[in-house]
Amino acid sequence: MAKKVYIPQDIAEVGKTYLQDRGYEIVMGTSTDAGTVVEEAQGAEGVLLRLMPFTKEIIQQLPNLKVIARHGVGFDNVDIASATEAGVWVTITPMANASSVAETTLTLLLNLAKRIQSDVDHMRQGDFFYKNQNKGMDLAGKTVGLVGYGKIGREFARKMGALDVDVLVHDPFIKACEYGQLVSRDELLAKADFVSLHLPATAETEGSFGAAEFKKMKNSASLINVARGSLVDEPALIAALENGDIAGAALDVYSQEPLPLDHPFYSMENVLLTPHIASNTVETMDRMALHAAQEIHRVLSGGNPEWPVNRV
């Protein structure tokens, strides 16, 4: 009998084809409601998971489960402790999206510096000369601070090499960085014209960017967050933007997604918003689907995964 793989939310065809070619039965989900997921995933030995929460209650009701393969690098939507207790591997796809996310971060940086979005919005409203009161800045000679120097942070730092900017890096888990200068967190916050977050979402990093951090930044500085919404204390960020503690922000991730339409961010001209698109390219979606499918096959064919986040 074919082993069953459950996919709650659709993925690129290359991932499904990889599994089908190896004899797996694929069951596509119809809803991310927990009750529906538990019902549809019965008998599944593998789950290829995108962004829906995979909780203790779900894991405990899937006794055949052996691997949860995340379609991406974050794993804060999976109850890792419950998966480990149940003997279920949890894997990620760390080689799939670093370049794409770094490109998006660079795009947001340039947009903030040149104030492109607000000029575009006003031009569409017939105000061609809004630009006269909305001048951008040159990046040459400015300082960009990276909080976190994993694969994405490192790739972003590398890509900034041609921009004639100074790159500061803070990451307590590294002793040296190939691109940029390793500094303390306080020094980075004090000197950077742009602060870009590249941290995982953990209990330690949740809300780690709040009022104290914004007070330490330059009044002319901006925040970029393409990592996880939980890193930022959103009410504190709103206050900092309204009070002039910092000049602007570019956000791709939020504490609640989709971002509610009545959220204050929508009415703030100094905030650039994108709908969690940092890795949303054809190439990255293909790589994430394929790499997650490969992890499932490694486990269900009797081996160990290549990119686990737990041990069973």
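Predicted model: local features only at pLDDT ≥ 70, side-chain atom pairs only at ≥ 80, totals over all residues.
View 1. Residues are numbered from 1 along each chain as its sequence is written, and side-chain values use heavy atoms, with hydrogens and water left out. Lysine 16 counts as buried, at 9% relative accessibility. Glu13 joins Asp10 and Lys16 in a network of salt bridges. A search of the whole structure finds 15 salt bridges.

**View 2. Arginine 154 meets glutamate 178 in a salt bridge.** Their closest N and O atoms are 2.5 Å apart. Arginine 154 sits in helix α7 (residues 151-159) and glutamate 178 in the loop between β7 (166-170) and β8 (181-182), so this pair ties together parts 24 residues apart in sequence. Helices (H or I, at least four residues) and strands (E, at least two) are DSSP runs, numbered from the N terminus. Arginine 154 is partly exposed at 33% relative accessibility, whereas glutamate 178 is exposed, at 54%.

**View 3. A salt bridge joins glutamate 213 to arginine 185.** Here the closest N and O atoms are 3.2 Å apart. Because glutamate 213 belongs to helix α9 (residues 211-216) and arginine 185 to helix α8 (residues 185-191), the pair ties together parts that are 28 residues apart in sequence. Glutamate 213 is buried, with a relative accessible area of 12%, and arginine 185 is partly exposed, at 25%.

**View 4. Eight named residues, from Asn225 to Phe265, line the largest cavity.** A cavity is a set of points on a 1 Å grid over the protein atoms alone where a 1.4 Å probe fits but cannot get out, and lining residues have an atom within 4 Å of a point. The count comes to one cavity of 30 Å³ or more, and the largest has a volume of about 40 Å³. Among its lining residues are Val232, Glu234, Leu237 and Leu251. By class, the lining has five nonpolar, two polar and one charged residues.

Conventions
Salt bridge = Lys/Arg side-chain N within 4 Å of Asp/Glu carboxyl O. Buried < 20%, exposed > 50% of the residue type's maximum accessible area, 1.4 Å probe, protein only. 1 Å grid on protein atoms, 1.4 Å probe; cavity = no way out; pocket = protein on both sides within 12 Å on 5 of 7 lines; lining within 4 Å. Points joined across faces, edges and corners; volume = space filled by probe spheres on them. Nonpolar A, V, L, I, M, F, W, Y, C, P; charged D, E, K, R; others polar.
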